[in-house]
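Here's a walk through the sheets, the helices on them and the ligand site. Have the sequence and the 3D view open as you read.

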Amino acid sequence: MAILFHCPWDNADAWLAALQHDLPHDEFRIWPDLDGPDGDASDIDFAFVWKLPHGVLASLPNLVGIASLGAGVDALLGDPDLPRDVPITRLVDPLMTDRMAEYVTATVLHHHLGLDVYDRQGAEKQWQRNRTTDAPDRTVALFGLGQMGERCAQRLRALGFDLVGWSRTAKEISGVHCLHGAEGFEEALAAAEIAVLLLPLTAETENLMNAAAFAAMPQGAYVINCSRGEVVVNEDLIAALDSAQPNSRQPNGGHLAGATLDAFAVEPLAPDSPLWTHPKIRITPHIAALSAAATAAPILAAQVRRARDGEAMHDVVNVDGGY
Ligand code: OXD
């Protein structure tokens, strides 16, 4: 059998080598070559893909499974010709979950300790100590309570932060005040001194963080987007960062104190995007939870074996739910 592989990243060769190591008897067909040296598309029964052009999966008549090479599946689900009867899995790798938790912890601490403000003061050679807040007095709200949200909660709880969590449906996580649904969303926003976005991109989450949501957050709140660019309305974010606050104790005014953004609707972020140059926005190039070939390959190989043996695969996406 053959596996279709499409990994438009700079380390595609490392991925292919790791996958070939874990699936030594498979032939890998690298998009756009669906036929291989002497076969055709009907040989392909599995696809390991990231941002494959729409319609390709529908042209594979013998597919038994599709695996995303990343945690998110919105690009796959956005294919209007997606074969609805073939199970799709998201990549759930404990290494990626740990990487996300490290990124979120570092970014929360950076703002919590006021290092973002000291960076700006330093650029002006300004020696000034600012008011401090202790972790139990700082509320971090995690929007999205999947595996990554839960791991972030564990790490932040260990540091003593007050934690609120929000998800579409009810969840329970020890040490986290869990909220859900539309009413819970308002309560979570009102508490969110630091909002961490870990939501999948769905019809409900697109543009969720808009002017109304930012206005509902406390004065001086900070936003960390590790989900998808489309979840945040950038113009509204910039307006909330720039809004005049004459009585504010924030050194640079604005309803929001700042934002760290790791995901964008179009990547790479365009050079002329105003997000690059905004003094209160830090950009990272979608690195919060990078997937790693060495740990992902055995996970993906096990999914292939399950599908070929007629067993249910793990971490199967709910196509109608969008994640
Ligand atoms: C993602 C990833 O889905 O980086 O964003 O895996």
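Seven strands make up an open sheet, in the order β8-β7-β6-β9-β10-β11-β12, and the pairing is parallel. Strands here are DSSP runs of E with at least two residues, helices are runs of H or I with at least four residues, and both are numbered from the N terminus. Two strands pair if DSSP finds at least two bridges between them. The edges are β8 (177–180) and β12 (281–283), each of which pairs on one side only. On average, neighbouring strands of this sheet are turned by 15 degrees against each other, direction ignored. Axes are lines fitted to C-alpha atoms (for helices, over the stretch in contact), and angles run from 0 to 180 degrees between N-to-C directions.

This is a predicted model, where local features need pLDDT of at least 70 and side-chain atom pairs count only at pLDDT 80 or more, while totals for chains, interfaces and linings use all residues. Residues are numbered from 1 along each chain as its sequence is written, and side-chain values use heavy atoms, leaving out hydrogens and water.

Ile194 stands opposite Tyr222 in β10. As for helices, α5 (residues 147–158) lies across β6 (139–143) and β7 (162–167), at about 170 degrees to β6. Helix α6 (residues 181–191) lies across β6, β7 and β8, and runs at about 135 degrees to β8. Contact means heavy atoms within 4.5 Å.

There's also an open sheet of five strands, ordered β2-β1-β3-β4-β5, with parallel pairing. Its edge strands are β2 (27–30) and β5 (88–89), each pairing on one side only. Helix α10 (residues 293–308) packs on this sheet, touching β1 (2–6), β3 (44–49), β4 and β5, with its direction at about 155 degrees to that of β3.

Now, which residues are around the ligand? They are Trp50, Gly70, Ala71, Gly72, Met96, Arg228, His286 and Ala289, where near means a heavy atom within 4 Å. Three of them have polar contacts (pairs of N or O atoms within 3.5 Å) in the table.

| Residue | Atom on the protein side | Distance to a ligand oxygen atom |
|---|---|---|
| Ala71 | backbone N or O | 2.8 Å |
| Arg228 | polar side-chain atom | 2.7 Å |
| His286 | polar side-chain atom | 2.7 Å |

The protein covers 85% of the 210 Å² of accessible area that the ligand has on its own, using the Shrake-Rupley method with a 1.4 Å probe.

Conventions:
A polar contact is a pair of N or O atoms within 3.5 Å; within protein, one must be able to donate a hydrogen and the other to accept it, and residues adjacent in sequence count only if both atoms are side-chain atoms.
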